[in-house]
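Hi everyone, thanks for coming.

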Amino acid sequence: MMHMTFYWGREVTILVNSWHTKTWLGYSLSLLACLLASIFYQYLENLRMRLKLISSGSVKAKPSPSATIDEPLLQTMGGGGKVRWSAARAGGAVLFGINSGIGYLLMLVVMSFNGGVFLVVVLGLAIGYSLFRSEEENSMLLDNPCACA
């Protein structure tokens, strides 16, 4: 029977068999790469949110709390169910795809079950969130705590 538990140590395989650390230097450099990837994920997520705000036209005006409550859960873009495409919307879709891929790779990195890798990924996400997210954007968009959404 195989038990999946976190372990602590410098020997870890990350994503592929060829990314296997055996020395403290290799482990430290791998942790740094995971930290930077997590911060980059949050940077791209912030960029995607900005494009979403631009494409929705809500960059200038902050919605009132009553307006957000009264809006239906599912809305169509424009009248008659037609979706309006713009450069910002297309860019947002591309960034969503790239960021989803990075998010899933970060999830797989965490599934190495190495405690240091887990802590560094979470730390990187927190650092990136604090560096790149503004309070104004947080109040205008719903937050999703899942790193890969």
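Arg48 counts as buried, at 14% relative accessibility; buried here means under 20% relative accessible area, exposed means over 50%, and partly exposed is in between, with a 1.4 Å probe and protein chains only. Which side chain does Arg48 meet in a salt bridge? That partner is Glu45, with 2.7 Å from N to O. The term salt bridge is used for a side-chain nitrogen of Lys or Arg within 4 Å of a carboxyl oxygen of Asp or Glu. Glu45 is buried too, with a relative accessible area of 6%.

As a reminder, an α-helix has 3.6 residues a turn, so residues three or four places apart point the same way.

A word on what you are looking at. This is a predicted model, in which local features need pLDDT of at least 70, side-chain atom pairs count only at pLDDT 80 or more, and totals for chains, interfaces and linings use all residues. Residues are numbered from 1 along each chain as its sequence is written, and side-chain values use heavy atoms, with hydrogens and water left out.

Now let's step back to the whole chain. It has five helices and two strands, and by those I mean DSSP runs numbered from the N terminus, H or I of at least four residues for helices and E of at least two for strands. Along the sequence the pattern reads β-β-α-α-α-α-α. Of the 149 residues, 30% count as buried. Among contacts with a separation of 6 or more, 74% come from residues 24 or more positions apart; a contact is heavy atoms within 4.5 Å. The chain exposes about 9,900 Å², and carbon and sulfur atoms supply 68% of that, with areas from the Shrake-Rupley method, a 1.4 Å probe, and, for residues, only the protein chains shown as cover.

Let's turn to helix 3, residues 87-110. Its 24 residues reach 34 Å from the first C-alpha to the last, close to the 34 Å expected at 1.5 Å a residue; that expected span is 1.5 Å times one less than the number of residues. Which residues of helix 3 are buried? They are Ala88, Gly92, Leu95, Asn99, Ser100, Ile102, Gly103, Leu106, Val109 and Val110. Their cover includes helix 1 (24-56) and helix 4 (115-132). Leu105, also in helix 3, is partly exposed at a relative accessible area of 44%.

How do helix 3 and helix 4 pack? The angle is about 150°, and the axes are 8 Å apart, where axes are lines fitted to C-alpha atoms, for helices over the stretch in contact, and angles run from 0 to 180 degrees between N-to-C directions. That makes helix 3 roughly antiparallel to helix 4, a label for angles over 145 degrees, with under 35 being roughly parallel, 65 to 115 roughly perpendicular and the rest oblique. On the helix 3 side the contact is made by Leu106, Val109 and Val110, and on the helix 4 side by Val117, Phe118, Val121 and Leu125.

Let me pick out Val121, in helix 4. At 3% relative accessibility, Val121 counts as buried. Not counting residues up to four places away in sequence, Val121 touches Cys34, Ser38, Leu106, Val109 and Val110. Ser38 is 83 residues from Val121 in sequence, yet their C-alpha atoms are 5.7 Å apart.

Over in helix 1 we have Ala37, partly exposed at 29%. Leaving aside neighbours within four places, Ala37 is in contact with Ile102 and Leu106. The C-alpha atoms of Ala37 and Leu105 are separated by 9.6 Å, at 68 residues apart along the chain. For Ala37 and Gly128, 91 residues apart, the separation is 9.7 Å.

Last, two backbone details. Most residues other than glycine have a negative phi, and most peptide bonds are trans. Leu15, though not a glycine, has a positive phi of about 65°; you'll find Leu15 in the loop between strand 1 (12-13) and strand 2 (20-21), partly exposed at 41%. Phe113 also has a positive phi of about 65° without being a glycine. Phe113 lies in the loop between helix 3 and helix 4 and, at 21% relative accessibility, counts as partly exposed.
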